[in-house]
Amino acid sequence: MDYTQKLIEKFNDRSAHIAILGLGYVGLPLAVVFAESGFKVTGIDPITSKVDTLNSGESYIFDISNKQISDLVNSGHLSATTDFSVLSEVDAVSICVPTPLRKTGDPDLSFILSVADTLQEYIHPGLAIVLESTTYPGTTRELILQRLCEESGLNVGEDFFLAFSPERVDPGREDWTTINTPKVIGGITENCLLVTKTWYEQSLEQVVPVSSTEVAEMTKLLENTFRMINIGMVNELAIMCDRLGVDVWEVIDAAATKPFGFMKFQPGPGLGGHCIPIDPLYLSWKLKSLNYSARFIELASEINTGMPRYAVSKIQDALNLQKKSLNGSKILILGVAYKLDIDDLRESPALDVIIYLKQKGAVVSYHDPYIPSIDHEGIRMKSVSDLENEIKAVDCVAIITNHSSYDYDQILKDANMIVDTRNALGDKGKKNPKVVRL
Ligand code: SAJ
């Protein structure tokens, strides 16, 4: 049987049955894109509540509407299950499982290894497999392929097809979405690339083929390492400008007038999120195993993880101007999500700022319109309800996440002292005796 030709035909006539393994902020939008382009899609996730929500025609992802889900479920193009055995009857599967870090800072590959074991159980001739989870170069070949070939006796590129295609989902973004963001893809063999590229081209606007899974894996790591290092660089620039008595925000705005050869990044209280602080460490971890030290990554990571303490030192400076000690002072943290206008707390620097302030005896409260409560490493807090009075009552307001919904003019009017770590106040914060800027 020529499985290459058979799959290409099934992708071209949309008769292929697709599975998406992992229905999070990457997997669910991808399932919807494939389903809306005419494929029958079965989403697989171990969390029953997600499966039940989807099968009832509702979405739990900000970027996907209930109507999109209910239309696809009603038309039979989308269903969800916790039963992995459906993999034995599908033609193709995209793997969108988490790749976090362990507490030690090493990659946690447990989700990918678990998927590899599952695939071993259900792999069959004529199956196309694409790994989308961000990981170190070599994962697809070393962890997935090895297991599949060992046990199944099937030949990759003839009986089954394996590729890597990095996810480029930015939750909440409306201009660049799953369907219109160029999608890089690299196969274990040329046939693997041909089959998976044909599949993805049916539903995505632009597919960018590369020569191997390692190139595709490394492409994603370059993208996010680029951001992490540049953010680290401007964070160190903020520290240098502080020593020099120069306004770092004015410097960056002036540099950003250069129409070429410059890309604006801004300093802040630290680096949050489930991508930027984590993905580059997959690369440095892999290189360590090859006896190479990825110095840029390690230095940027050191600077970025030091920024919450630096933000606390600016709060101490602000209190010092009022002849107050941090111990016993009341501090309101404004915004705790890891970046503005979202509801995601993962790796947020605000959590470290709160921990450090509490360790120094400060009385800490917070407000965030997107995060009603925090339960993290022993910190249990609720967002204050009466923001206006809290701002007036505390010794210092620290703007940690500059959500657009705040009335910064009112905050500037009512607060006794403000530490602005995001230049949220703009020029109104400059040379203002009650404002300390990063
Ligand atoms: N940050 C700064 N200064 C900056 C930019 C970001 O301190 O100049 C901080 C943010 O406050 C946040 C962290 O860095 O704490 C990460 O911010 P981010 O803007 O990189 O946002 P993420 O983590 O949501 O990154 C995602 C990534 N998307 C994918 O991995 C598919 C990233 O590649 C995107 O470039 C980014 O969104 C984006 O541009 O929004």
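Colleague: How much area do domain 1 and domain 2 bury between them?

Modeller: Buried area is what two parts lose on being put together, summed over both. In this predicted model, domain 1 and domain 2 bury about 1,200 Å² between them. Carbon and sulfur atoms carry 65% of that area. On the domain 1 side, Leu101, Pro107 and Tyr136 lose the most area to domain 2. Together they make up 37% of what that side buries.

Colleague: Where does the assignment place the two domains?

Modeller: Domain 1 spans 3-214, and domain 2 spans 228-437. Their C-alpha centres lie 36 Å apart.

Colleague: How many residues of each domain are in contact?

Modeller: Domain 1 brings 15 residues and domain 2 brings 12.

Colleague: How many salt bridges are there between domain 1 and domain 2?

Modeller: The cut-off is 4 Å, from a Lys or Arg side-chain nitrogen to an Asp or Glu carboxyl oxygen. The count between the domains is three. The side chains of Glu377 and Lys103 also meet in a salt bridge, at 3.9 Å, N to O.

Colleague: Which residue classes make up the side of domain 1 that touches domain 2?

Modeller: Seven residues there are nonpolar, three are polar and five are charged. Polar contacts between the domains come to six residue pairs.

Colleague: How many disulfides does the model have?

Modeller: Two cysteine sulfurs must lie within 2.5 Å. The count is zero. For Cys96, the nearest cysteine sulfur is that of Cys275, 13 Å away.

Colleague: Why does Cys96 count as buried?

Modeller: Buried means under 20% relative accessible area. Cys96 counts as buried because its relative accessibility is 10%. Cys241 is buried too, at 6%.

Key:
Residues numbered from 1 in each chain as written. Predicted model: local features only at pLDDT ≥ 70, side-chain atom pairs only at ≥ 80, totals over all residues. Heavy atoms only, no water. Buried < 20%, exposed > 50% of the residue type's maximum accessible area, 1.4 Å probe, protein only. Domains from an automatic or database assignment. Contact = heavy atoms within 4.5 Å. Buried area = accessible area lost by both parts, 1.4 Å probe. Polar contact = N/O pair within 3.5 Å; in protein donor to acceptor, adjacent residues only side chain to side chain. Nonpolar A, V, L, I, M, F, W, Y, C, P; charged D, E, K, R; others polar.
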